[in-house]
Amino acid sequence: RTILPAMKEKLIQTEKNITYIKGENVVETYLVDALPNAENCPSAYALVFKDDALLLTDLREGERPTGGYDIPGGHVDTGEKPEESVVREVFEETGVRVKVIKLVAYKRITILSPKPENYMYSYPTSYMAFYLCEVLEETPFDGNEDTHGRVWLKKEDFEKSDWCVRNKIFLDAVISSKRDSD
């Protein structure tokens, strides 16, 4: 019998009825050191810092309703682990090669209404993983069909990113914990 170490988690934010998720929902953001269930984690995202700036992808309209600056990441492909997916997605969306330092958070998404039609994620609960990553290499990158390119955004400019504004509590907690471990 294997005894797993206790997972550390701290709830930092609860949101209800997020518009980009179909159906009535609750999204809880936790600072963590492990995923509760990697099989129910269909997407993974990176928090990559360089010189106190956060790496963002400048999405084309269509990737999100209005495009804009977002953290790199996306769907975990069949056969991939979330940490493998995040490395691939960061490179595809920004041209930056990274290595995963550690899992820092997850968002637990719970659908409260009947399963939405064509809903492709675990129902009623799925997870979005967030990894702190380190830059290995920046390659030339002028964008692709999904993104205009990469942006390094300083904290004082976070209001330029809807993602940073919506996730301020989460982002501040990660920056604070990152500072404590540096």
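Which residues in α1 are buried? This is a predicted model, so treat the tour as a walk through a prediction.

Begin by selecting residues 82–94, which form helix α1. The helix has 13 residues and reaches 18 Å from its first C-alpha to its last, close to the 18 Å expected at 1.5 Å a residue. Now show the side chains of Pro82, Ser85, Val86, Glu89, Val90, Glu93 and Thr94: these are the buried residues of α1. They cover an arc of only 130 degrees around the axis, which puts them on the same side of α1. The general rule is that an α-helix has 3.6 residues a turn, so residues three or four places apart point the same way.

Next, colour the strands that these buried residues pack against: β3 (43–50), β4 (53–59), β6 (73–75), β7 (96–111), β8 (125–138) and β9 (147–154). Then step just past the end of α1 to Gly95, which takes a positive phi of about 75 degrees.

Move on to the largest nonpolar core, a set of 29 residues. Select Leu47, Leu54, Ile71, Phe130, Trp163, Phe170 and Leu171, the ones with the most contacts inside this core. Elements that give two or more residues to the core include β2 (25–32), α2 (162–166) and α3 (168–181). The largest share, 5 residues, comes from α3.

Centre the view on Ile71. Leaving aside neighbours within four places in sequence, Ile71 is in contact with several residues, among them Tyr45, Leu56, Glu93 and Trp163.

Last, select Tyr30, Leu35, Val48 and Tyr131. These four belong to a second, separate core, which has 19 residues.

How values were computed:
Residues numbered from 1 in each chain as written. Predicted model: local features only at pLDDT ≥ 70, side-chain atom pairs only at ≥ 80, totals over all residues. Heavy atoms only, no water. Helix = DSSP H or I, 4+ residues; strand = E, 2+ residues; numbered from the N terminus. Expected span 1.5 Å × (residues − 1). Buried < 20%, exposed > 50% of the residue type's maximum accessible area, 1.4 Å probe, protein only. Arc of directions from axis to C-beta. Contact = heavy atoms within 4.5 Å. Core = buried A, V, L, I, M, F, W, Y, C linked by side-chain atoms within 4.5 Å.
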